[in-house]
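Me: I would like to go through a few labels used for a protein model and ask what each one rests on.

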Amino acid sequence: MIESKLPHVGTTIFTAIGKLAKTHNAVNLSQGFPNFNADPKLLGLVQEAISEGYNQYAPMQGVYALREVISEKIEKLYGHYYHPESEITITASATQGIFTAISAFISPNDEVIVFKPAYDCYEPAIELCGGIAVAIQLLGKDFQIDWESFKSAINEKTKAVIINTPHNPTGTILSKQDMLRLQAILKDTDIILISDEVYEHLVFDGNTHESAAKFKDLASRSILCASFGKTFHVTGWKMGYCAAPKELMVEFRKVHQYVVFCANHPMQQGIAHYLKNPDHYLSLGQFYQQKRDYFLNALEGSRFKISPCSGTYFQILDYSAITHESDLSFAQRLIKEHKIASIPISVFNLNNQDNKQLRFCFAKTEETLDRAATILCKIR
């Protein structure tokens, strides 16, 4: 008899909703990825790398030229220097980086604090390592951190904390004041911070991404996890990187080398050249804010309550004025009866707390957003 290491894990909501959307031929705004292609220049650079013979294993840590340009980018944006040789590793996606970070540092019975709603890869990784996920629910419909609850949750078993800003699935961001409060609470502890920053360049309305790298004490205990897939509209490439102080990166790489050894070589070469032009990532905030605004303007007159997201490419819509049914039930009904797919937020919340909210991805063409908005505006 096989004893499951993840007995409570079933089919993810993304798979379930995606399958239902396909069955009913629904406009799919549940998918957390763009339905448009990447910059032809980036695609061309990768094709060149393939033609030039970069088709064997890359160095375990990643192509040095890519790590070097990442180091320059982080220092320029956040004021913290990571040595390309010893403090940056290229990963086969940010998810792999997060899994590797958890695997490198979490032992049986270690506690890891996770803020809910949380991206669904965190807790299974903690459980696989024998750790205990300590969940803290974000407050209200605007998802604020209860810092007193967080402080109270810390004890001698607390090994790590995971944060995510900009935040999936809510589209919120942590402020400078939030990061300073986090830094003050963690000061004089040995707690590791895993900072999921995959949407770092998707911040709107003049706000600033507050990376853990910007705060000296946080940077000294943090593993930053980032994604090229999210940044450059190529989620299927599964490419990312992690940055951390040398003493943490040494342990990270011990696990990394046996999980994947290295990430895709020609893609690393192409991205290394592409990153040399900062406009390729600095313009993303404006690009996605225009999409957000286009989608929300198209929803004027609908019965959904809207609070514009501050980052990511996800928009939460509050449907409490439309129906009292559960978000999962309503999301399923929207697919079957109205041909529009979204993600219910309760599945990410502590105890499946249901605030009558659905997540919609606006990383889509204007044609797709128009079709979706037309449907949503008819729902009464």
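**Labels and their grounds**

Reply: In this predicted model, helix α13 (residues 284-298) packs with helix α15 (residues 366-377) at an angle of about 30°, and their axes are 9 Å apart.

Me: Why are α13 and α15 called roughly parallel to each other?

Reply: Angles under 35 degrees count as roughly parallel. The angle here is about 30°, therefore α13 and α15 are roughly parallel to each other. Their crossing is right-handed.

Me: Which residues of α13 and α15 meet?

Reply: From α13, Lys-291, Tyr-294, Phe-295 and Ala-298 take part; among those they meet in α15 are Glu-366, Leu-369, Asp-370 and Leu-376. The residues of this contact divide into eight nonpolar, no polar and three charged.

Me: How do you know that the span of α3 agrees with what 15 residues should give?

Reply: Helix α3 (residues 64-78) should span 21 Å at 1.5 Å a residue, and its end C-alpha atoms are 21 Å apart, so the two values agree. After α3 comes Gly-79, with a positive phi near 75°.

Me: What covers the buried residues of α3?

Reply: The buried residues of α3 include Leu-66, Val-69, Ile-70 and Tyr-78. Their cover includes β2 (88-91), α10 (246-259) and α11 (265-274).

Me: What makes Glu-337 count as exposed?

Reply: Exposed means over 50% relative accessible area. Glu-337 has 51%, so Glu-337 is exposed. This residue is found in helix α14 (residues 327-338). The C-alpha atoms of Glu-337 and Arg-371 are separated by 15 Å, with the two residues 34 residues apart along the chain.

Methods: Residues numbered from 1 in each chain as written. Predicted model: local features only at pLDDT ≥ 70, side-chain atom pairs only at ≥ 80, totals over all residues. Heavy atoms only, no water. Axes fitted to C-alpha atoms, helices over the stretch in contact; angles between N-to-C directions. Helix = DSSP H or I, 4+ residues; strand = E, 2+ residues; numbered from the N terminus. Parallel < 35°, antiparallel > 145°, perpendicular 65-115°, else oblique. Left-handed = near helix turned anticlockwise from the far one by under 90°. Contact = heavy atoms within 4.5 Å. Nonpolar A, V, L, I, M, F, W, Y, C, P; charged D, E, K, R; others polar. Expected span 1.5 Å × (residues − 1). Buried < 20%, exposed > 50% of the residue type's maximum accessible area, 1.4 Å probe, protein only.
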